[in-house]
Amino acid sequence: MSDPRIAILSRLRARHPAARPLPENPVRRFDWSPQERLSRFREALEAVRGEVVLVGADWPLRLFAWLRARDASNLRYAPATELGQALEKGWPDGEAIRLIPHREPVETCRQDLFANTDAGLTGCFGGIAETGSLVLWPSIQEPRLLSLVPPIHVVVLDARRIRSTFHEFLVEEDWVGQGLPTNALLISGPSKSADIEQTLAYGVHGPKELLVLVREDPDPAGDPSAAAS
């Protein structure tokens with residue numbers, strides 16, 4: 001007896017529809033200055049209970065004070081990344097808020113990650129001013145779990161990486177021609193759901209709080225792609 005699942009997959013694989021040319025749509029963007037993009041990004045994100053704090057090179061100290069005000073006892077981060085190393089370098093001494101380097105596979109740190117981690121830190125590939133969205137790029141060194149599991153998610157975003165629209169983002173990163181990267185992730189505010197009686201609740205399927213530390217660009221006219229390198 002043939003397996004219906006295998007038969008369906010085989011028929012799908014056998015089909016090779018002709019490629020369709022991409023439509024010639026002009027890039028949808030707004031003539032916003034870098035400061036206006038930042039202002040609109042902040043307004044849109046805070047409208048859905050995200051929080052934006054402008055920071056400089058001292059961002060680890062600012063983050064420490066923010067977490068301490070919320071009685072957080074630890075912060076999980078990716079030590080192999082440039083962001084993680086900057087965090088270690090700028091973190092104040094003492095055990096008030098413990099840094100947890102995320103090195104182990106989830107199979108061996110599941111209990112600590114799900115039950116004993118207060119906050120997670122990630123970098124950010126870019127932001128979208130129109131919607132206040134974040135574009136994350138999880139990796140082996142900085143897995144998706146860091147932004148999904150802890151009740152507080154902290155993101156560090158360079159101001160020059162904020163684009164006006166998602167369409168502009170797609171075109172300038174050449175994600176239209178090369179195809180969307182499979183690990184790109186869009187986040188707009190803390191986790192929320194209105195599945196039950198259409199009552200909006202935060203933190204149901206992920207972080208209840210979202211803090212975005214925006215590192216301001218000393219040269220607003222600079223090349224946005226330089227910040228991602």
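The model is predicted, so local features need pLDDT of at least 70 and side-chain atom pairs count only at pLDDT 80 or more, while totals for chains, interfaces and linings use all residues. Residues are numbered from 1 along each chain as its sequence is written, and side-chain values use heavy atoms, with hydrogens and water left out.

The structure holds 7 aromatic pairs, where rings of Phe, Tyr and Trp (its six-membered ring) pair if their centres lie within 6.5 Å, and planes under 30 degrees apart count as stacked, over 60 as edge-to-face and the rest as tilted. Select F64 and W91, an edge-to-face pair at 5.3 Å centre to centre with 75 degrees between the planes. F64 lies in helix 3 (residues 59–69) and W91 in the loop between helix 4 (82–90) and strand 3 (98–101), so the pair ties together parts that are 27 residues apart in sequence; helices (H or I, at least four residues) and strands (E, at least two) are DSSP runs, numbered from the N terminus.

Select F125 and W175 next, a stacked pair with 5.8 Å centre to centre and 15 degrees between the planes. Together with W137 and F169, F125 and W175 form one aromatic cluster.

Finally, select R70, whose charged end sits over the ring of W66, 3.6 Å from its centre, and then R163, which lies over the face of F169 at 5.0 Å from the ring centre; a charge sits over a ring if NZ of Lys or CZ of Arg is within 6 Å of the ring centre and within 35 degrees of the ring normal.
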